[in-house]
Amino acid sequence: MRKLILALATVAVAATAVVAVAASARQPPEPARRDPRFEVKVTDEIRRHSRIEETLYFAGTAYSLGVLVLLLASGAAPRMRDLSLRLTKKPFVVAMLTVVLFVLATTLLELPLTYYADFVVPHQFDLSDQSLGSWLLDGAKGLAVSLVLSAIVGALALEAIRRYRRWWLVLWLGSIPLILLMVVVQPIVLDPIFNKFEPLQNQQLKTKLLDLASRAGIEGGRVYQVNKSKQTKTMNAYVNGIGPTKRIVLWDTLLAKMTDDEILAVMGHEMGHYVLNHMWKGLGFGLAISFVVFFAGQKIYDRGIETRGARWGLTGRGDPASLPWLLLIAGVIGFFLSPVTNGFSRHIEHEADVFSLDLTHLNEPMARAFVKFAEDSKRDPDPNRFLECWRYSHPALGRRIDFALAYKPWEERKTR
Ligand SMILES: [Zn+2]
C-alpha cells in the first residue's frame, strides 16, 4: 500500500510537471481568424498569471494529497483519534472530534499554499484590494462553517461505514438528500455569511432584465446583486439554489464594468442555466458518476484497511483515524475524473451560450463581454487543449468569442 500511495503521489507530481511545461509552451497563434475588435490583448502579464494559475491548480492538488499521505503515514491520524478518545467514549462524538482535529490540521498544513494562491497572487496581479485582515476573517468564517458541516457529515459517514457491509450504497443514497439540502440552503444561509446580497438596484437595468426574463419564461424578482468587490476585481454572474431559493446573482464588479447590452447577453446565459434546468441535470450527472465512484471507493478503502490498516494504526473499517485514507481515495479518483466532470460542465455552459444568443441576438455584446472577462481576470483566452479538457468548467473564452460572433441561425432562416 505504501507503494500505491507513493505511486499516486508520483503521478500527481508528474502531472504537475507535465502541465507546467505544457502551459509554458505557447501554441502558434492562429493567423487573423478573429475580428480585431474582439481580439483579447494577451500581455506578458496575462501569460504569466495564466501559467501561475494552471501550475497552482495541479501543484495544489498534489500538495493536498501529499498532506493526506503525511497524516496517514506519520501516525498523526490515530493520535488525533486517541486524543478524542480521552475526552469521550461515545463513537459518534469521537468521530466528530477527530474530524475537527483533522480539518484543523489540514487547514494549517495547507495555509502557506492557500495564502499564496488566494491572497498573494491576486494582489500581485492587481485582481483584488482586499486587506489581509478581511481575507483572514473570510478564511476564519469559512473554516468555522467547514468544521461544523464536516464534523456532522464525516461522523455520519464513518458511522455508516462501521455499521453496513455495503456502505458505499448507503453513503451514495445518503448523499442525495444532503446535496439537495445544501443546494437549497447555500444561497440563503451560507453565501450571506461572506457577502451582502440585495435585489438589483439599477431600476432601468432591472426593467430590461425583467423583460428579458419574461421572454425566457422566468418569473420576475429573482435577480440579486452581491458586493463581490469586497474580495475581487474580477467579474462574474451565476445561478444557484433550487425551488424557492433558485436565483440569478450578478457580482457588483460586473455591473460596474459592463454596458447594459453586455450584461443582457451574460444574463441570457444565466437564464439559459435557469430555464434549461442545468442545476438538476448537473445533480443527476453527479449522482450517476458518484454511484460508480462510491462503489470503487469501498473496494479500495476496504482492501487498504485489510492489508495495511494495522500498520497505519487503524482499528478497522470506519475508524475515524482512517479519514485521510478515505479522502485520499476520493481525492485521487476526483482528480482523474476532472476531464469527465469538466467536459459535462463545458457542454452545459455551451448550451447556455446558445440559449442566450437565441434569446437576445446580442452577438457582438456577448463577444465583447467575453473579451472583458478574459482581460479583466487576466486569463489566456486560448489555453492549450489539454488544459482546457482537464480543468476548464467553461469552454475557453477564445472559443466562446468565436462562437458568439459566428452563431446566427436566425439570419440563415431569413435569407432562405
Ligand atoms: Zn454558465
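The model is a predicted one, in which local features need pLDDT of at least 70, side-chain atom pairs count only at pLDDT 80 or more, and totals for chains, interfaces and linings use all residues. Residues are numbered from 1 along each chain as its sequence is written. Helices (H or I, at least four residues) and strands (E, at least two) are DSSP runs, numbered from the N terminus.

Next, display E3 (residues 237-240) together with E4 (residues 247-251): the two pair in the antiparallel sense over four bridges, pairing being assigned if DSSP finds at least two bridges between two strands. Tyr-238 has Val-249 of E4 as its bridge partner. Tyr-238 and Asn-240 form the uncovered face of E3, whereas Ala-237 and Val-239 form the covered one. In a regular strand the side chains alternate between the two faces of the sheet.

Within H5, select Gly-154, Ala-155, Ala-157, Leu-158 and Ile-161, which are buried (20 or more other C-beta atoms within 10 Å of the residue's own, with C-beta atoms placed from the backbone). The buried residues of H5 pack against helices H4 (91-124), H6 (167-194) and H11 (323-360).

Finally, show the whole protein chain, which comprises 15 helices and four strands. Its C-alpha atoms fill a box of roughly 75 × 50 × 50 Å along the principal axes.

Note on methods. A residue is buried if 20 or more other C-beta atoms lie within 10 Å of its own, exposed if 12 or fewer, and partly exposed in between; C-beta atoms are placed from the backbone. Two residues are in contact if their C-beta atoms, placed from the backbone, lie within 7 Å.
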